[in-house]
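This report covers a sheet, some aromatic contacts and the confidence of the model. Please keep the sequence and the structure in view while reading.

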Amino acid sequence: MSTPILEFRRVSRSFGEGRAAVPVLRNVDLSVNELEFLCLVGESGCGKTTTGKILSGLLPPTGGRVLFEGQDVSTLKGEAYGRYRRAVQIVHQDPYASLNPTQSIFDILRYPLLRHGFAKNHKQAHTRASELLELVGLTPTADVIGKYPHQLSGGQRQRVSIARALTTQPKVIVADEAVSMVDVSIRISILKTLMKMRETLGLTIVFITHDLALAKYFAWEGRIAVMYLGRVVEVGATRDVTGRPQHPYTKTLLSAIPEPDPDRTRRKEQLSLRSEDVPSLTELPAGCTFHPRCPFFEPGRCDREEPELEAVPRAESDARVACLPLTEDGTLRPYGG
Amino acid sequence: MQTSKTLTGPPPLESGWLSRVVSSYAVRTLLQALLTIWAVVTFTFFLIRLMPGNPIDVYVGFLMNQSNLTYGEALQQAASQFSFDPNASVFQQYLGYLGDLVRGDLGTSITSTGTQVVDQIARFLPWTLFCVGLGLLISFVLGMTIGMLIAYYRNSVLDTAVSFFASVLGAVPDYIWGLLILVVFGVQLGWFNIGELRGTYDPGLTPGFTPAFIWSVVRHAFLPVLVYVIGTLGSWILNMRSSTTSVLGEDYVNVARARGLTPGRIATTYVGRNAALPLFTLLAVNIGLVIGGSVIIEELFVYKGIGSFLFFSISQRDYTSMQGVFLVIAVSVVVANILADLLYSSLDPRVRIEGER
Amino acid sequence: MRQFFRALARSKAGLLGFIGLIFYALLVGVGPMFVPFDNEVKTDQVNAPLGSRLKLVTRAADAARYPSLASLEGQVVGYVSSSGGETLVEPLEDTFDDTEDYRRGAGVEDGLEELTDGDIDGFVLFSESLKTYPIGPGSDFPDLTVSNARLAPPHLLGTDTQGRDILSHIVNGGRTLIVTALLAGLISTTIAVIFGAVAALVGGPVDRTLSALANFILVLPKFPLLIVLAALFTLDNILLLATLIGLLVWPALMRAVRAQVLSLRERDYVEAARALDLGRRHIIIREILPNMMSFVVVNLILAVTAAMYDQIGLIFLGMAPINDYSWGVMLYFGRTRGALFSPDSASMVLAPVVAIALFQVSMVMFARALEELSDPRLRTA
């Protein structure tokens, strides 16, 4: 397999110092392959946004290494760093906060185009900006280009945000909950735009969401990484992870998604968590951090050693999971059963 | 916004009783307060002594004018009367002053020989505290009530009119209001006799809880208090209005409405309490400002409080008295800030001060 | 810009403030060219009331015969002393048969009575006096009438205790105050913006030092300290005064700017600019500063009003230079020369009081309107 375009090796990130430090990511291994559609899924506070920011170089890790095309980004300097910088762009969640209210749409697109030489002058920038707006479906472009963000709707703003990310001709776009604040009716169309970009421009997309159903629908050809409390607990092809979930956490998440057919929903295997409370990041449980809530908790085993991502023996799925009973025995036993 | 409180604290020291004492809120606040006061004392001490002329020069000039003495004679007489040695180095004076201060001794006044600065302050400060305190209390309560009222009826004619009025009140300096009141109501309309209202109470009365004395004090304090109220009311109204407006948009207020709570209860326990919170910090800042500004107001109304005493001391270059007043103002600002913090944290459970957990 | 004016027109208070500021700009900018400073002591025109004009009163029957002072040749002319009458009457004294002067106040009534009785034939007095003692049909003096509407240029705002025209002092006495206040506001705002931005962007020990300095200055009793500083430096130039005021008032704004920058630099669009590798300069100049502009301008205006407060307060107490006859100096003399407590000299105090008050109100109204304009919720369309 070729070198991943982006790779995490034992990446950790904590906020604050000393005793007050909050570990948001702990020893995360993750690779993003060229041209793939990777979904990061997890509850709020699981570290998926932090992962996105570290991937795009907006936040340095406090431990581990981030590789871009096989090179450690912390060693990149000058033009090599600039190339990485421009190659990974981010699309934010809130379309009302991600555009500077004092700049016109043209300004927003013009600055990066001119700065990085994608346009030599004002006129070229205008032509290029119009092309980008057309690409993201904001037509007629002449109506939009001179406007200010507050004159656009949420969906239109999000498209501008995508167009801005495209100005530097990136290879990877990290879309952080990019549609969760847009009207449901417009979500699909924006997502389809993103999918089209991926094909026509040859983009790699890292899609961060809390909505497993959305991930299942859009990343069907791609992969899903499920995160829990700062770690990746299951990663694999979408059809494996959503069709034959292995990790207890993935299982409980999927069992919570209602199916379009009510009969199937009712027949679905209902897995209930042993506790609704997500442990605090400052007082993480020992061993597997999921064990206080896990329906398959094995006392004396799961609360000792923290599991690593490994393949499950004899499973139909190619996914790798972080769960000792699974990776060592290949089976799960219900707690107390 | 207030979560930063817990984040900006110093990093924890090594464990042990000492670190627990130092990081406990009360001790840290006290240390910080003492440090601030020391800094103010030091800064003003040297600044004051940099002023041109010293108390002896000023008094020599006075003696030469008054009793036709020669410079030499006047100097001798002045030097014998003052407890001030112009030849001691400023740094020696500073160390001596700090030493006395630690023992609670503010020294003796340089120009009013034999008078303790503490006594002078005790004589003038209560009047200022009385006027400023009463004025701020009235305007705070009035401003919060009016501000909340117009926030409930925002964008109505009432709101527009009152907001405009409040802006005008706040825009015009308080002493300008004082002059206006003095000239229009006192002199032109003759509603009160300004000449009689000089000082803090009518001469000839003995202080005590007699109706005559209290009435006299109230009459003399009326104009300064009125001016303090007018000078601060506008900002309370506008601040309370914007604070209430933002609280009214909060979900918990809507939920309270949906729960069918009475408007009166929502206004007091939900809106009023939360909207008033940010104003307490402002109150602390205001106390310092108003005491500082009392110099002009007291000079204007010839009211013998700490402000006019300070002005007198400055013109006489009475170093120790000036120093004493600066100290008192700094202490009152620091204390007001601490009180505001305490009040804030007792009203807002989100701000539990570090060390209480 | 057009948007700004349209929005300004919507906010009535803002429009008033804007008009007020234009008025003041004209007043102190070009006013002195038309109304030169009146420094001539005129002992006969002391404390003329507001809007005072000198008028010639005669018996109604004689009005046609005596249209002017000169036409009273050979007659007896009365005037009210210390109110300007002397200046008009004295040059013609030789042409009159006799002159009579009356005391101000109650003397006016005597004069009017004597005019009715025919003891004098013409009476020069302030129009203001006629409000207290009305003349003409139906009044106590039915036989009298005003024969000449205007004898001398009027003192619209009256005269001061030295008989100098107060209007000319108002026109000429604002420029230095406003320039000093603007300077002080600019100085304090510049310090506040630079320190606030540096503290927020650099952080660490720099932030702690600057914040501690700001907190320290906030505890200092600002106005008393200014008095000491005013004594320490001879405040003979406005730049020094403006600097001193500016050095003492920046901390509150600095803390606000710091908080603003801290919050702005966490915005998603700033993060996007970092992702786009637009550079630190671009982020500060294009992304952060424009979003603070209205906030800074509003605070600049408020700083100017605060500087006005301090400056005039100092002058009022006699602690700042008096070599320039400003509105503040008028107040100072009003206080020290007893005008404050004399019913006759109200306009000497009231005129600068109103001039200062209206200036402050205009500034604050304008600032409030700007504040509303910068609210994005109000900016749509």
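How many bridges join strand S1 of chain A to strand S4 of chain A? The number is 5; S1 (residues 6-15) and S4 (residues 63-68) run antiparallel.

## Basis

This is a predicted model: local features need pLDDT of at least 70, side-chain atom pairs count only at pLDDT 80 or more, and totals for chains, interfaces and linings use all residues. Residues are numbered from 1 along each chain as its sequence is written, chains are lettered from A and ligands numbered from 1 in the order in which they are written, and side-chain values use heavy atoms, without hydrogens and water.

## The sheet of chain A

Chain A has an open sheet of 4 strands, in the order S2-S1-S4-S5, with antiparallel pairing. Strands pair if DSSP finds at least two bridges between them. Helices (H or I, at least four residues) and strands (E, at least two) are DSSP runs, numbered from the N terminus. The edges are S2 (22-32) and S5 (71-72) of chain A, each pairing on one side only. Phe8(A) stands opposite Val66(A) in S4(A).

Helix H1 (residues 48-55) of chain A packs on this sheet. H1 touches S1, S2 and S4 of chain A, where contact means heavy atoms within 4.5 Å. The direction of H1 makes about 120° with that of S1(A). Axes are lines fitted to C-alpha atoms, for helices over the stretch in contact, and angles run from 0 to 180 degrees between N-to-C directions.

## Aromatic pairs

Over all chains, the structure holds 24 aromatic pairs. Rings of Phe, Tyr and Trp (its six-membered ring) pair if their centres lie within 6.5 Å; planes under 30 degrees apart count as stacked, over 60 as edge-to-face and the rest as tilted. Phe46(B) and Tyr94(B) form a tilted pair, 5.0 Å centre to centre with 45° between the planes. Phe46(B) lies in helix H3 (residues 25-50) of chain B and Tyr94(B) in helix H6 (residues 90-102) of chain B, so the pair ties together parts 48 residues apart in sequence.

Phe46(B) is partly exposed, at 29% relative accessible area. Tyr94(B) is buried, at 6%. Buried means under 20% relative accessible area, exposed over 50%, partly exposed in between (1.4 Å probe, protein chains only). Ring pairs link Phe45(B), Phe46(B), Phe91(B), Tyr94(B) and Tyr97(B) into a cluster.

## Confidence

The predictor gives the complex an ipTM of 0.84 and a pTM of 0.77. Chain C has a mean pLDDT of 81; pLDDT is the predictor's confidence in each residue, from 0 to 100.
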